[in-house]
Amino acid sequence: MSVFTVTKNEAEAFKDFFPEDIFINIGKENYYTLGAFDDEDFVAGVLQFFVGFDENKGTYSKVCYLYVQEDFVDSFIAACLLAEYESIAAESGISYDLMETIDDSSVYVFASPAKEFWAKKTLDHVSSKDIYSISFIENLEFITIKKQVAKGTVLEQKRFYEDEISSFYKAKDGCALLLVKKGKLEDLVMTYIDCDNPDIDEKLTGLISYSAKRALDLYGEDQYIRIECGDYDSLTRFGKALPDILPQSFIDQD
């Protein structure tokens with residue numbers, strides 16, 4: 001397996017592995033894109049990161065995108081890509097505490113500023129009726145909704161999530177839940193989304209729209225929002241709710 005830098009000249013060959021707004025960053029100033037080939041020269045995964053400067057913090061780096069092909073999930077592709085990213089960032093003089101770190105068990109990451117995130121075409125005119133932040137409910141009600149939606153998935157206690165940004169839906173037709181954490185570099189990380197009734201799948205898009213707008217209003221347009229998936233079931237749920245983020249190669253698998 002080999003990891004290499006993807007240049008603008010090579011970008012077209014990788015187009016199916018990126019959503020459109022991430023693909024157009026290849027070759028742009030301050031954006032760096034890595035690709036991983038397996039031993040038979042198949043594309044196994046890709047990663048893109050951004051290097052910026054903050055006058056208060058100094059030079060920092062953020063992972064914009066990570067996608068590992070499902071056939072290569074057990075091949076340590078994410079770990080290799082993330083190790084190469086961290087090595088490049090360190091060689092560029094970026095201190096570890098200003099370097100975005102991602103769990104190397106992740107198969108997918110998507111990140112963008114709140115203004116761009118909320119402007120996704122799928123989120124245009126989406127209804128947020130009966131959707132609220134989890135700050136509106138007490139812990140016991142949160143536990144009830146969590147158990148109803150999670151179906152055995154282990155989720156953390158309410159206090160570990162950003163309660164003004166995480167959101168829920170609860171009505172006669174079912175419940176839905178989107179959980180958001182604060183990341184190392186103060187990113188808002190969407191880590192879990194699901195509902196207890198497939199007939200209300202559209203509410204998942206409503207949850208993302210509501211939470212993205214809350215992030216925009218409370219933290220400003222430059223606040224980074226990240227979706228992070230540790231498995232393909234999670235990616236499928238987020239992708240169904242927000243297809244704008246999916247690479248073509250993942251869509252072709254369905």
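In what order do the 10 strands of the open sheet lie? In this predicted model, select the strands and follow them in the order S1-S2-S3-S4-S5-S10-S9-S8-S7-S6, where the pairing is mixed. At the edges you will find S1 (2-5) and S6 (131-133), each of which pairs on one side only, and from one strand to the next the twist averages 25 degrees.

Select next S4 (residues 58-68) together with S5 (residues 108-113), which run antiparallel and are joined by 3 bridges; Tyr67 has Tyr108, in S5, as its bridge partner.

Helix H2 (residues 77-91) touches S1, S2 (31-37), S3 (43-54) and S4, and its direction makes about 30 degrees with that of S3. Helix H5 (residues 202-219) touches S6, S7 (167-171), S8 (174-182), S9 (188-195) and S10 (224-229), with a direction that makes about 155 degrees with that of S9.

From there, move to the loop between S8 and S9 and select Asp187, which counts as buried because its relative accessibility is 1%, where the cut-off for buried is under 20%. Leaving aside residues up to four places away in sequence, Asp187 touches Lys62, Glu100, Lys181, Lys182, Gln223, Tyr224 and Arg226, and a polar contact of 3.4 Å joins its side chain to that of Arg226.

Finish at helix H6 (residues 232-241), whose buried residues are Tyr232, Ser234, Leu235, Phe238, Gly239 and Ala241.

Conventions:
Residues are numbered from 1 along each chain as its sequence is written. This is a predicted model: local features need pLDDT of at least 70, side-chain atom pairs count only at pLDDT 80 or more; totals for chains, interfaces and linings use all residues. Side-chain values use heavy atoms; hydrogens and water are left out. Buried means under 20% relative accessible area, exposed over 50%, partly exposed in between (1.4 Å probe, protein chains only). Helices (H or I, at least four residues) and strands (E, at least two) are DSSP runs, numbered from the N terminus. Two strands pair if DSSP finds at least two bridges between them. Axes are lines fitted to C-alpha atoms, for helices over the stretch in contact, and angles run from 0 to 180 degrees between N-to-C directions. Contact means heavy atoms within 4.5 Å. A polar contact is a pair of N or O atoms within 3.5 Å; within protein, one must be able to donate a hydrogen and the other to accept it, and residues adjacent in sequence count only if both atoms are side-chain atoms.
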